[in-house]
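I opened this notebook to record what I looked up in one structure.

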Amino acid sequence: MLPNTPRSIAVRALPRLGKFSKTARSAAALSHSARVGACTATCRSAVPLSVHPQPSPSRISSRGLATAADASFTTLQESAHKPLFDKILIANRGEIACRVIRTARKLGVKTVAVYSEVDANALHVRLADEAYCIGPAPSAESYLRIDKIINVCKRSGAQAVHPGYGFLSENAQFAERLAQEGIVFIGPPASAIVSMGSKSESKNIMSAAGVPVVPGYHGTNQDPDFLQQEATRIGYPVLIKAVHGGGGKGMRIVHSASEFHEALESAQREARKAFGNADVLVEKYIERPRHVEVQVFADKLGGCVSLWERDCSVQRRNQKIIEEAPAPGLSPELRADLSAKAVAAAKAVNYVGAGTVEFIFDNDTHKFYFMEMNTRLQVEHPVTEMITGLDLVEWQLEVAAGNPLPLDQRSIPLVGHAFEARIYAENPRNSFLPDSGQLLYLSTPEPTHIFAPSVAEHHLASEGSEAGAEFTPVVNTSAALAPVVRLEQGFEQGAQIGVFYDPMIAKLVVHGRDRTEALRMLRTALEEYRVVGVATNVEFLRTLAGNEAFVRAEVETGFIPKHFEELFPPLPEPSHEALAQAALYVVLRDHPTPTSPSPWSTLTSRRFGGDVYERIVTFQSEDTAAPPMTVHVKSLPGGRFDVTTRTGASERTFSGVEAQLDSPHTIAATLDGALVRTTVVAQLPPAGVPAPSSPNTAERLHVFHGAHKTTLVRPSPNWLLLLGGDVLGGAKGALRAPMPSVVVEVRVKEGERVEKGQPVVVLESMKTETVLRAPVAGVVRAVGCKKGEMVEEGRELVDVEEESA
């Protein structure tokens, strides 16, 4: 496990060629030598061929001089391979910006980063060769400002722009403006973005091509009443979806006509903010669908291939959290059909670059329907890289430079199985609401690779000659593959996860021989991923990866609600071992073992009470309704302790415990004769917040023991709780911000009467809207916020005085 300090992260985020194994180096060389029609035998390994042409080794002496046998020189033939760019700008942030920088650095291409004011110290800024501030934190004033990004291109001399995903990656106007300025957009032409980026137009194109589409309304009439009529015609439940965009934004499931108008307004508002366009479509919501998508890649010369499919069915808030490739359970015929139709879709709009054609697969009928095409690199592209052994960002740069695709369809491997788990700052037990704050502690599994290792040697090509055979690969799940762990992240320990952007912290990627092995690797890696400072979904992902239905690949987009009870079991009572270690950590932290020979430093807190030190440490679980737990710690001569733990159900004593702090976050203790080293991280309450009984406003200890994480709260003293209650106390109808947020809309005024459940305030945090509803029926006594205002977690926004019975 690696610490995630700024220095260690910055070093690990870039290729370390000196530490690559011979296997890794030979694999990298093999991946380059496998290019079809793109390079000769002198193909580059780290820089563009045109920059450093390599003469044949037979013509070079050990010192690089011509030998005596070289009386005459053969004129080097100019390569057909077009040079890559000298410098590119990355119009994005976070892990995808770091991901593009790594490939560019590998290829000898310089990089330019852009950043908002709050991202001044971000990792992608430090890794890039140059960086320019383009405005305040809100995306509309920075990362979405086309004029500012073009200005930085001119100032820096960047020849091309990589948009990453999100922000301007599917903005046709951006692609057109870059073309007008003579700057290459590393992506499809604007016409393809318009055609396939529009969910309505893309569905019409697919329908005309004979590809089945989900029944719905895909027209331009956006009148709310008309859309509701269409929803009634289609039949509930229906799905409202933003015409432009993706990532689950601007999407709402509606189960009845009474919900339609409110859901429509929310979806349109979210779509307008995220994509600058509020248009939506309405289509039938399939009850038990799978989300299966095909990665396509096309060049400017007419070449187009499928890099096989991914399954992204398990989602929350209409957004993916775990992806895998290949999709489990597909027959060879279905895989071929999906790939063939995806390639046909790309060719129909003269597509160029990386794109993803998404399908809904109905688990009940086993039919698939075209859903949409994302005209960009997807978040989940690493799982495709793992099963093919390719670098898709490198392919993007090659295609954008005008070179042909490095491989033809029959040469693309499909080896092993890969998973990607998205690590989010969010609270799964609170409806997956996003969280924000500082990453106080971050420790991750050690990656084995930076890029996907080559799997070309394990490729089993299809031998058929019939039509469509090129889309029917032999899936190799028996190759002797070394397990691979990759970590794609854009934040390090100490970084701030803010409210303005997506809450994704990192992506954990694994690759194994088959699905069973890859899933086992994923569970192990998640056990080693430890975060303190913000709530995360790591524990949830670990539970999900071990769920029996998920292990059996019984996936669908409704997987989480269907298996809710299994995925969210009641929080267990903290173990006696965890309580003992937490209490010993507190004691040793507050009364460290003396290192000075001074008699004064050897006195315990009971200065005149001899050598015995006793203390009772009280803990509360995050469930504040549960009774408190106590640990009695008594020090003994020789650095030993007697520890007695008491919970509501049982009591246990550990005698003669040897314990010491190995580091500020590690305690080593011998419990019942077993030596255990446990990570304990203290999280202090927010400064300036009074002390109610909420666990978020008291010191918390995060105990990582084995595969489990236990969070213990150290309750504040009673007198402080009383004082905090005086300051923060409110009526039963008080509504507080559940997280740091921006106020989108205030729907009530002081003195207005409201019903229980009526929407009163709409908040936005990390591009996700949250509607707060009146907890009781009554009269609004006070409104403590206004539209556009930033509010901190716990702030009272609206107070409703409950009506007397």
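Predicted model: local features only at pLDDT ≥ 70, side-chain atom pairs only at ≥ 80, totals over all residues.

The entries below follow the order in which I consulted the model.

**Entry 1. Strand β34.** I began with strand β34, which spans residues 708-714. How many of its seven residues are buried? I found five of the seven to be buried, so β34 is largely enclosed by the rest of the structure.

**Entry 2. Partners of β34.** I next looked up the strands that pair with β34. Strand β33 (residues 699-705) runs antiparallel to β34, and the two are joined over seven bridges. Within this pairing I recorded H702, whose bridge partner in β34 is T711. Strand β27 (residues 614-621) also pairs with β34 in the antiparallel sense, over two bridges. Here I noted that S621 has L712 of β34 as its bridge partner.

**Entry 3. D311 and R290.** The closest N and O atoms of D311 and R290 are 2.7 Å apart, and the residues form a salt bridge. D311 belongs to strand β12 (residues 304-311) and R290 to strand β11 (residues 289-298), so the pair ties together parts that are 21 residues apart in sequence. Are these two residues buried or exposed? Buried means under 20% relative accessible area. D311 has a value of 2% and is therefore buried; R290, at 7%, also counts as buried.

**Entry 4. E577 and R652.** I found a salt bridge between E577 and R652, with the closest N and O atoms 2.6 Å apart. The pair links distant parts of the chain, 75 residues apart: E577 lies in helix α19 (residues 576-590) and R652 in strand β30 (residues 651-663). E577 is partly exposed, with a relative accessible area of 28%, and R652 is partly exposed at 29%.

**Entry 5. E755 and R753.** The side chains of E755 and R753 meet in a salt bridge, for which I recorded 2.2 Å from N to O. E755 counts as partly exposed at 40% relative accessibility, and R753 counts as partly exposed at 42%.

Methods. Residues numbered from 1 in each chain as written. Heavy atoms only, no water. Buried < 20%, exposed > 50% of the residue type's maximum accessible area, 1.4 Å probe, protein only. Helix = DSSP H or I, 4+ residues; strand = E, 2+ residues; numbered from the N terminus. Pairing = 2+ DSSP bridges. Salt bridge = Lys/Arg side-chain N within 4 Å of Asp/Glu carboxyl O.
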